[in-house]
Amino acid sequence: MTAIAVRESLAARGSVRCGERPAIGLALPQASIDGLGLGDEVRALFKTDALDTAIVSLPASPRVNALAAEMFSPPVAGNATQLLLSAHAAEIVVHALFGERGIALDPAADLQRVRLQSVKARMDADLAYPWSIDELARNAGLSRRSFNQKFQMAYGESAIDYLRARRLDAARDLLIHQRLSVTEAAFRVGYAHPANFATAFRRHFGYSPSRCQ
């Protein structure tokens, strides 16, 4: 397996190959890397400030080979494909970074942590999407009940409570800083009915959204 890290975004043209083998390019925003708790490890790949690219070659474990196979031929379609690819990419990054440093991972614990963080990052990145617990659980590779329990243990609140709070926080920022109307802010963060948004906002903050305008 060859992992390539670059400081700046680059456009890939044509197919990418490593010797006689196809290679998968993984591109994750710095905020996502930091969100996974791997910012220091990624930055450590660049030994000096003069380096723009870092390349690490490692033997691919059976687990990484299986992930790569699913990335080339995803078993799901639609929005679920992007979630699956993001989860697999994050897991491969973890294996590459820690494997390069000779650190053995607990596969079960590591996979669970990475997939939960990947699902959480996807919610943060698209608050307006109509996320369901079934879809989130499926992309975390867990049952609905197990996902709810593990998300609660990891982040101190349920996935639905987390998503609601993030949506309302984002809506308040839109009302204050972008001067959007209550209806526009509601739609922007995924509420189809402004009245429901206003009720949720009042319960969360203790005052109506109109006070932010």
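This is a predicted model: local features need pLDDT of at least 70, side-chain atom pairs count only at pLDDT 80 or more; totals for chains, interfaces and linings use all residues.
**A walk through the core and its aromatic rings**

Residues are numbered from 1 along each chain as its sequence is written, and side-chain values use heavy atoms, with hydrogens and water left out.

What surrounds F197? Setting aside neighbours within four places in sequence, F197 is in contact (heavy atoms within 4.5 Å) with L168, A171, V182, A186, Y191 and P209. In soluble globular proteins, nonpolar side chains tend to be buried together.

Now step back to the nonpolar core, a set of buried Ala, Val, Leu, Ile, Met, Phe, Trp, Tyr and Cys residues joined through side-chain atoms within 4.5 Å. The largest one has 32 residues, and those with the most contacts inside it are F147 and F197. Two or more residues each come from helix 5 (107–125), helix 6 (133–139), helix 7 (144–155), helix 8 (159–177), helix 9 (182–188) and helix 10 (194–205). Helices (H or I, at least four residues) are DSSP runs, numbered from the N terminus. Helix 8 gives the largest share of this core, 8 residues. Apart from it lies another core, of 5 residues, including V64, L67, M71 and A89.

The structure holds 9 aromatic pairs; rings of Phe, Tyr and Trp (its six-membered ring) pair if their centres lie within 6.5 Å, and planes under 30 degrees apart count as stacked, over 60 as edge-to-face and the rest as tilted. F147 and F151 make a tilted pair, 5.7 Å centre to centre with 50° between the planes. Both F147 and F151 are buried, and because they are 4 residues apart in helix 7, about one helical turn separates them. The rings of Y191 and F197 have centres 5.4 Å apart and planes at 65°, so this pair is edge-to-face. Y191 is buried too, at 15% relative accessible area.

Finally, visit the loop between helix 8 and helix 9, where R179 lies. Most residues other than glycine have a negative phi. R179, although not a glycine, has a positive phi of about 55°. With 54% relative accessibility, R179 counts as exposed.

How values were computed:
Buried means under 20% relative accessible area, exposed over 50%, partly exposed in between (1.4 Å probe, protein chains only).
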